Amino acid sequence: MKFLEVHELSKHFALKKGFLSRSKGTVKAVRSVSFQVEAGESYGIVGESGSGKTTLGRTILRLITPTSGKIFFNGVNLCELDPEMLRRLRRDMQMIFQDPHSALNPRKTIIKSVGEPLVIHEHMRGRALRQRVQDLMEIVGLKKEHMYRFPHELSGGQKQRVGIARALALNPKMLILDEPTSALDVSVQAQTLNFLEALQGKLALTYLFISHNLSVIRYVCDRVAVMYLGRIVEEAEVNELFDMPLHPYTRALLSSVPLPQARQPDTKILLEGDIPSPVNIPAGCCFHTRCSEKIGPICTTQEPEAVSFSSNHRVLCHLRR
Ligand code: SF4
């Protein structure tokens, strides 16, 4: 049994318009996604904006209801739980959001924000609550005095740490981190990544790390899934993905990442145009409208099936059959 198992997960949204809420189509944000994560592992999901990675994270946490598929967390199918059981199990899975400022209530002091889950779920009060919040502040590298400040009195990096302290309040086993550094100044991004890496070791956490930035994924993750238009098009151990990218989309993403001279690909692969709308997914291979390596009508008519290149490396492309 794996720590997290996602089977054929899909999330579609109906697009409605007008007074009569007529259907205007369906947004297929996540399409038949399957992957597994081991306890203590750091698993990355990478892709452009609009690839469905944030919807995937929220669906796994059951903040939104999946259209189909299964999510097993420690062997329990999250899709079959009633709201009360789900609420209890959600203590073990917490999400860190991209914008640390909007994740905090501007009218609440930090002690109130961080202590809120403890008050709600553990009915903690008084000295015990203050002590637990102080411990959490210490874990995330903040001082006791920060507890009595308001969010606007903290820097972006400090607010992100407060968000992490709040997420850690109920001793979760897994964190879903949605672009946790992209809203921060470049100067604090590296610091925050180092901190997250140390935190994972210290608390034996499992990370699902969502990012558009392959350099960040490489730094933090053990394995990575590349998402395009709601599908995982390639999955591999992070070093293998960088050394031997098999999918044309992965290669295009990698060629835009600054790498040491020796590893820089000979030619830059330009990703032309924007990612198509998830309402009108191209037929055949969903990447064919931007693929520079298309091999003929098969790419525009037949959806490729996953091919395993090695035990830890699979790809969705007709070139690799
Ligand atoms: Fe490109 Fe065809 Fe592979 Fe799709 S299946 S990525 S269009 S070569």
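Here are some questions and answers about the predicted model above.

In this predicted model, local features need pLDDT of at least 70 and side-chain atom pairs count only at pLDDT 80 or more, while totals for chains, interfaces and linings use all residues. Residues are numbered from 1 along each chain as its sequence is written, and side-chain values use heavy atoms, with hydrogens and water left out.

Me: Hi! In what order do the 4 strands of the open sheet run?

Reply: Helices (H or I, at least four residues) and strands (E, at least two) are DSSP runs, numbered from the N terminus. Two strands pair if DSSP finds at least two bridges between them. The edge strands are β2 (22-37) and β5 (76-77), each pairing on one side only. With antiparallel pairing, the order is β2-β1-β4-β5.

Me: Which residue in β2 does Val6 stand opposite?

Reply: Strand β1 (residues 4-17) and β2 run antiparallel, joined by 11 bridges. The residue in β2 opposite Val6 is Phe35.

Me: How many residues apart in sequence are the parts that Glu303 and Arg31 tie together?

Reply: A salt bridge here is a side-chain nitrogen of Lys or Arg within 4 Å of a carboxyl oxygen of Asp or Glu. The side chains of Glu303 and Arg31 form one, at 3.8 Å from N to O. Glu303 lies in the loop between α10 (297-301) and β11 (307-310) and Arg31 in strand β2, so the parts they tie together are apart in sequence by 272 residues.

Me: Which element gives the largest share of the lining of the largest pocket?

Reply: On a 1 Å grid over the protein atoms alone, a pocket is an open set of points with protein on both sides within 12 Å along at least five of seven lines, a cavity is a set where a 1.4 Å probe fits but cannot get out, and lining residues have an atom within 4 Å of a point. The largest pocket is lined by 25 residues, with Gln94, Met95, Phe97, Pro117 and Arg166 nearest its centre. The elements giving two or more residues to this lining are β6 (93-96), α3 (110-122) and α5 (156-168). The largest share, 6 residues, comes from α5.

Me: Which space does the ligand take?

Reply: A molecule sits in a cavity or pocket if more than half of its atoms lie within 2 Å of its grid points. Of the 15 residues lining the largest cavity, Cys285, Cys291, Cys299, Cys317 and His318 are closest to its centre. The space taken by the ligand is the largest cavity.
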